[in-house]
Amino acid sequence: MSWDHKVAVVTGSSSGIGYETALTLARNGFLTYATMRNLSKSDNIKSVTNKEKLPIRTNQLDVTDDGSVNNAIRTIVSEAGRIDVLVNNAGYGLVGAFEDLSIQEIKDLYETNVFGVVRVTQKVLPTMRRQQSGIIVNVSSGAGIFGYPGGSSYVSTKFALEGLSESISYELEPFGIKVVLIEPGFIKTNFANSMVVAKRAQNPSSPYSQMMQKISANSNQMANNGSPVGVVSKIILEAVTSKNPNLRYLAGKDVETWAANKKTMSDGEFYNTIKNLAR
Ligand SMILES: NC(=O)c1ccc[n+]([C@@H]2O[C@H](COP(=O)([O-])OP(=O)(O)OC[C@H]3O[C@@H](n4cnc5c(N)ncnc54)[C@H](OP(=O)(O)O)[C@@H]3O)[C@@H](O)[C@H]2O)c1
């Protein structure tokens, strides 16, 4: 089968990495289902689709909602007959020192970043297993490789995604299904604007307030030097069109440096470089 007959589903396509990935896949011949939780945000992608005559369809899909996920995947399978690529991209960040996080804030984050991926993937797998082919791309992060102060909740969701993906890759290989983790560094998207700051962390009397201010200043500076979103969509395209994709792909110069440091430095040395973020 040639690439231009393959069917791709992308979650969180209203902005950022999901938006760019949906366009990139469609421009490279995939019939692409650009899903998003709020279809009123589909105007931009629809206008590019019309202008460039791209094979893109938009569907409502909220990864935290069983009914919405079931509906979207059922519709896609009945329309397209197959799903070759699933890009689990929808996600957001939560910042705050661990003691300042409420259990509800942490649960909400896991509901999107972890259970969202579980929900959509479990719905898609029977179709891929029947086809004896498919590729699942999970958008992790540099935060799936190492922890940092103020990031315990977000980092732990991405570590969960890494462990889940690595484990299911063994289970799915016999059925011809591949699993890929994308690990972006700082990427210029809406991510920083959509970031939730834990309620208690916003209180200046929090014992972690000073530490969090320093982390925030340092990460804002790194975010300003972030990579353009096309860096990630290009790597996703490379992974899904490769005969033998890797399990992990780094995306961005910054994360390449951190990952190399993590590999070559002792735990103590690496700890000290990250500790500087809070200085
Ligand atoms: N930008 C970075 O620096 C960076 C670095 C590493 C990893 N990542 C990861 O990249 C992924 C995409 O983020 P981004 O940078 O492209 O940020 P973004 O521009 O904020 O995009 C996030 C997307 O996820 C969607 N989303 C959030 N909750 C959802 C839900 N319940 N159901 C469906 N869609 C939902 C958002 O939809 P709405 O428009 O409706 O909010 C939006 O389309 C995330 O998993 C993030 O963790 C980002």
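**Ligand site**

I looked up Lys158 first: an N or O atom in its side chain is 3.1 Å from an oxygen atom of the ligand. This is a predicted model, in which local features need pLDDT of at least 70, side-chain atom pairs count only at pLDDT 80 or more, and totals for chains, interfaces and linings use all residues. Residues are numbered from 1 along each chain as its sequence is written, and side-chain values use heavy atoms, with hydrogens and water left out.

I then checked Ser15. A polar side-chain atom of Ser15 lies 2.8 Å from an oxygen atom of the ligand. For Ser194, the distance from a side-chain N or O atom to a ligand oxygen is 3.5 Å. I used the polar contact rule here (a pair of N or O atoms within 3.5 Å; within protein, one must be able to donate a hydrogen and the other to accept it, and residues adjacent in sequence count only if both atoms are side-chain atoms).

How much of the ligand does the protein bury? Taken alone, the ligand exposes 890 Å², and the protein buries 95% of that. Accessible areas come from the Shrake-Rupley method with a 1.4 Å probe; for residues, only the protein chains shown count as cover.

Which elements give two or more residues to the shell around the ligand? I noted α1 (16-27), α6 (152-172) and α7 (191-194). Helices (H or I, at least four residues) and strands (E, at least two) are DSSP runs, numbered from the N terminus.

I counted 28 residues around the ligand, the closest being Ser14, Ser15, Asn89, Tyr154 and Thr189. The shell divides into 10 nonpolar, 14 polar and four charged residues. For these classes, Ala, Val, Leu, Ile, Met, Phe, Trp, Tyr, Cys and Pro count as nonpolar, Asp, Glu, Lys and Arg as charged, and the others, Gly among them, as polar.

**Salt bridges**

I searched the whole structure and found nine salt bridges. The rule is a side-chain nitrogen of Lys or Arg within 4 Å of a carboxyl oxygen of Asp or Glu.

Asp66 pairs with Arg119, the closest N and O atoms being 2.6 Å apart. Asp66 sits in helix α3 (residues 66-80) and Arg119 in helix α5 (residues 115-131), so the bridge ties together parts 53 residues apart in sequence. I read relative accessible area as buried under 20%, exposed over 50% and partly exposed in between (1.4 Å probe, protein chains only). Asp66 is partly exposed at 46%. Arg119 is buried at 18%.

Next came Glu183 and Arg248, which meet in a salt bridge of 3.4 Å, N to O. This pair links distant parts of the chain: Glu183 is in strand β7 (residues 177-184) and Arg248 in strand β9 (residues 248-251), 65 residues apart. Is Glu183 buried or exposed? Glu183 is buried, at 3%. Arg248 is partly exposed, at 34%.

Glu256 and Lys253 also form a salt bridge, 3.7 Å from N to O. They are three residues apart in helix α10 (residues 253-264), so about one helical turn separates them. Glu256 is partly exposed at 36%, and Lys253 is exposed at 63%. I also noted one network: salt bridges that share partners join Glu162, Glu166, Glu183 and Arg248.

**Asn138**

I found Asn138 in strand β6 (residues 134-139). Asn138 counts as buried, with 1% relative accessibility.

**Positive phi**

Most residues other than glycine have a negative phi. I noted Lys53 with a positive phi near 50 degrees. Lys53 lies in the loop between α2 (43-52) and β3 (56-60) and is exposed, at 71%. Gln132 is not a glycine, yet its phi is positive, about 60 degrees. I placed Gln132 in the loop between α5 and β6. Gln132 is partly exposed, at 46%.

**Overall**

I logged 11 helices and nine strands. Of the 279 residues, 47% count as buried. The C-alpha atoms fill a box of roughly 55 × 40 × 35 Å along the principal axes.

Notes
Near = heavy atom within 4 Å.
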